[in-house]
Structure formats: structure tokens, C-alpha cells
Amino acid sequence: MGRPEVAGPPGGRRAERASGGSPDPALLSINTATLRAQWGLADIIAGLVRAGIRGISPWRDQVAKLGLDETARRIRDAGLSVSGYCRGGMFPAPDPAGIAAARDDNRRAVDEAVAVGARCLVLVVGGLPRDALGRPASRDLGAARGMVRDGLGELLDYARDARMPLAIEPLHPMYAADRACVNTLAQANDLCDELARDDGAALGVAVDVYHVWWDPLLEREIARAGSHGRLHAWHLCDWLVPTTDLLNDRGMMGDGVIDLRRIRGWMAAAGYRGMHEVEIFSARWWDEEPEQVLATCRERHLACC
């Protein structure tokens with residue numbers, strides 16, 4: 001399979017050049033974590049079709065449960081665009097066996113992303129290496145970042161051969177120890193410069209507003225990524241005040257404090273023409289009827305983004 005098309009659905013390119021108004025509804029995509037508590041993957045695919053939503057970003061555990069071939073067939077038959085595949089990464093490990101296991105798992109993730117026709121494989125790079133009981137095996141954050149760099153460099157060769165773009169997703173610093181030691185878009189851009197400076201199509205970034213909205217250098221770093229063709233994904237939700245859970249209390253767009261429309265303008269100015277992927281980990285929204293969640297995503301995408 002060739003490299004997935006990097007542009008959004010028809011009409012999106014024109015609409016995103018003029019980002020002062022409402023976004024093109026054809027650009028809306030749903031990350032399947034948003035409905036994971038209510039529906040299995042087959043139901044999510046069918047629900048997106050009923051809701052008139054054209055994009056999907058599935059998670060590997062959900063794909064494994066349905067089956068890779070069956071997932072690919074259902075997505076293809078539904079006519080959905082796959083804005084991203086979640087996720088690869090988790091490179092740091094305390095010993096060579098763990099590093100080899102991470103390498104092999106990431107190669108499988110690349111193969112799966114190709115099979116479902118994903119625009120990119122999203123990478124949550126991992127934090128401090130952990131022992132067999134899940135406890136931090138080191139306090140050396142610099143060494144963990146070195147493992148990330150080395151793991152990315154090795155995976156990049158494999159992904160290039162498979163023609164699958166990789167997208168580094170910086171996570172909020174609160175996750176530096178356990179989920180991702182790449183915490184700003186500047187760090188992600190630096191890795192891209194080091195490993196693939198002139199090949200943004202092969203290695204780029206996923207901009208998740210939940211994790212980067214606070215960054216005073218965000219506009220500059222979005223422009224920097226765009227200048228190298230590295231903007232592979234844009235993830236939407238909101239930051240609630242107060243936040244009651246740092247993982248599972250993301251807000252629906254418009255319910256929090258993120259200036260989503262301003263960030264969309266920065267993304268558009270930097271050349272991003274891809275889909276707008278809603279990814280909401282939320283105990284509150286997981287308690288809602290899934291059809292209502294999708295209807296609200298469509299409404300808020302137009303009203304707030």
C-alpha cells in the first residue's frame with residue numbers, strides 16, 4: 001500500500017485557508033477512545049456512518065478485539081478516512097530485552113496502521129523505564145529521552161519502507177514520568193530535525209490541544225513544524241477548570257478554557273489541511289448515550305473550533 005494521502009477530504013483545503021469562520025464539517029474525525037466505554041469498534045464505525053462523520057482514528061486494543069482484517073474491511077466499506085492510528089511508542093525500557101520488545105511491537109503497529117489505511121501512526125513515546133512491576137527503574141529523564149531518540153531512529157527506517165508517516169505526540173509535562181518524556185512541540189520538532197530534517201512526510205508531529213495549549217511557544221512551533229511539512233494530526237478536546245482527573249476528565253470542545261479557534265488558525269496558517277480529530281477521555285462523556293456524544297461532537301466542532 002502506498003503512503004496515505006495527507007490532505008483532508010474534498011473541500012477541506014479551501015475551507016481551512018479561510019479559518020476565520022466555522023470549520024468544514026467534512027474534516028471531523030472521531031478518535032475511538034471517545035466512545036470506548038459505550039461501543040465496540042464495529043458499533044463505532046457504524047455509528048459514525050449514521051452520524052455522517054467521515055473520519056476515524058482507532059486504537060490498537062480495539063482493533064485487536066475486532067480483528068485487523070475485519071477492521072480494515074469495515075472502515076473501507078464505510079468509506080471512512082483514517083486520520084491516525086493509536087498508538088506506537090513507549091520506547092524506554094530497563095534492559096535490552098525490553099528495548100527489543102518495544103522495537104518489535106512498534107513494527108507491528110506500523111504494519112497495522114498500513115493495513116487500516118491510516119494517515120499516520122501516532123507515537124506516545126514513553127517516560128522513565130519501568131521494571132516488571134511497573135515501577136520506575138530509573139530517575140534519569142535524559143537517558144529516557146535518549147532511548148526515545150534511538151528507538152525513533154530505528155523505527156523510522158522500518159516505517160519509511162512501509163510508507164507509513166510517524167507522528168510524535170508531545171504530552172503534558174504531568175505525564176513525563178510514565179507516558180511521555182517529550183512534553184513540548186519544540187522537543188518534538190528537535191527530534192524531527194535530528195532524525196529526519198528534510199523528510200517531514202516520514203516523521204512529523206501530532207498536535208493534541210489538551211497537552212500543548214498552555215505552551216507560550218505553541219504558535220511558533222506549529223509554524224516551525226508546518227514549514228517542514230510535519231503537521232500530521234490535530235487532536236481536539238478541552239481543558240476543564242477545575243479538572244478532577246488528569247487522564248479521564250477531558251472536556252468537550254467549548255466546555256473549557258482552550259482557544260480552539262485561535263489554534264486552528266495557527267494550524268491552517270502553517271499549512272495543515274488534515275482532519276480535526278476529537279479525542280475525549282472522559283468519565284462524564286462515557287456515561288452519555290453514544291449517539292448524543294457524536295451529535296455533540298458535530299455541533300461543538302462547528303461552534304467552537
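Tutor: Let's start with a term: a residue is buried under 20% relative accessible area, exposed over 50%, and partly exposed in between. Keep in mind that the model you're looking at is predicted.

Student: Okay, let me try it on W213. In which class does W213 belong, and where is W213 found?

Tutor: W213 has 30% relative accessibility, so it counts as partly exposed. You'll find W213 in the loop between α8 (209-212) and α9 (218-227). W213 also belongs to a nonpolar patch on the surface, along with W214, V241 and V257. Together the four have about 360 Å² of accessible area.

Student: Now a helix. How many residues does α6 have, and how far does α6 reach?

Tutor: Helix α6 covers residues 141-162, which makes 22 residues. From the first C-alpha to the last, α6 reaches 31 Å, close to the 32 Å expected at 1.5 Å a residue.

Student: Where does α6 bend?

Tutor: Look at L156: α6 bends there by about 25°.

Student: Which residues of α6 are buried, and what covers them?

Tutor: Here's the general idea. An α-helix has 3.6 residues a turn, so residues three or four places apart point the same way. In this structure, the buried residues of α6 are A144, G146, V148, G151, L152, L155, L156 and A159. Their cover includes two helices, α5 (96-116) and α7 (185-196). The strands β5 (121-124), β6 (166-168) and β7 (203-208) are also among the elements covering them.

Student: Let's move to charges. How many salt bridges does the structure hold?

Tutor: For these, you look for a side-chain nitrogen of Lys or Arg within 4 Å of a carboxyl oxygen of Asp or Glu. The structure holds 24 salt bridges. One of them joins R135 and D131, with the closest N and O atoms 2.9 Å apart. R135 is partly exposed at 49% relative accessibility, and D131 is partly exposed too, with a relative accessible area of 26%.

Student: What about D150: which residue is its salt-bridge partner?

Tutor: That would be R149, and the closest N and O atoms of the pair are 3.5 Å apart. D150 is partly exposed, with a relative accessible area of 49%. R149 counts as partly exposed at 31%.

Student: And D193 with R230: are they buried or exposed?

Tutor: Both D193 and R230 are buried. Their side chains meet in a salt bridge, 2.4 Å from N to O. D193 lies in helix α7 and R230 in the loop between α9 and β8 (231-236), so the pair ties together parts that are 37 residues apart in sequence. Salt bridges that share partners join D190, D193, R197, R220, E221, R224 and R230 into one network.

Student: Last one: how far apart are D61 and G146 in sequence and in space?

Tutor: Those two are 85 residues apart in sequence and 27 Å apart in space, C-alpha to C-alpha. D61 lies in helix α3 (residues 60-66) and is partly exposed, with a relative accessible area of 42%. G146, on the other hand, is one of the buried residues of α6.

Conventions:
Residues numbered from 1 in each chain as written. Predicted model: local features only at pLDDT ≥ 70, side-chain atom pairs only at ≥ 80, totals over all residues. Heavy atoms only, no water. Patch = residues over 30% accessible without salt bridge, like charges linked within 9 Å, V, L, I, M, F, W, Y side chains within 5 Å. Areas by Shrake-Rupley, 256 points an atom, 1.4 Å probe, with all protein chains shown as cover. Helix = DSSP H or I, 4+ residues; strand = E, 2+ residues; numbered from the N terminus. Buried < 20%, exposed > 50% of the residue type's maximum accessible area, 1.4 Å probe, protein only. Expected span 1.5 Å × (residues − 1). Bend = angle between axes of the 7 residues up to and from the residue. Contact = heavy atoms within 4.5 Å.
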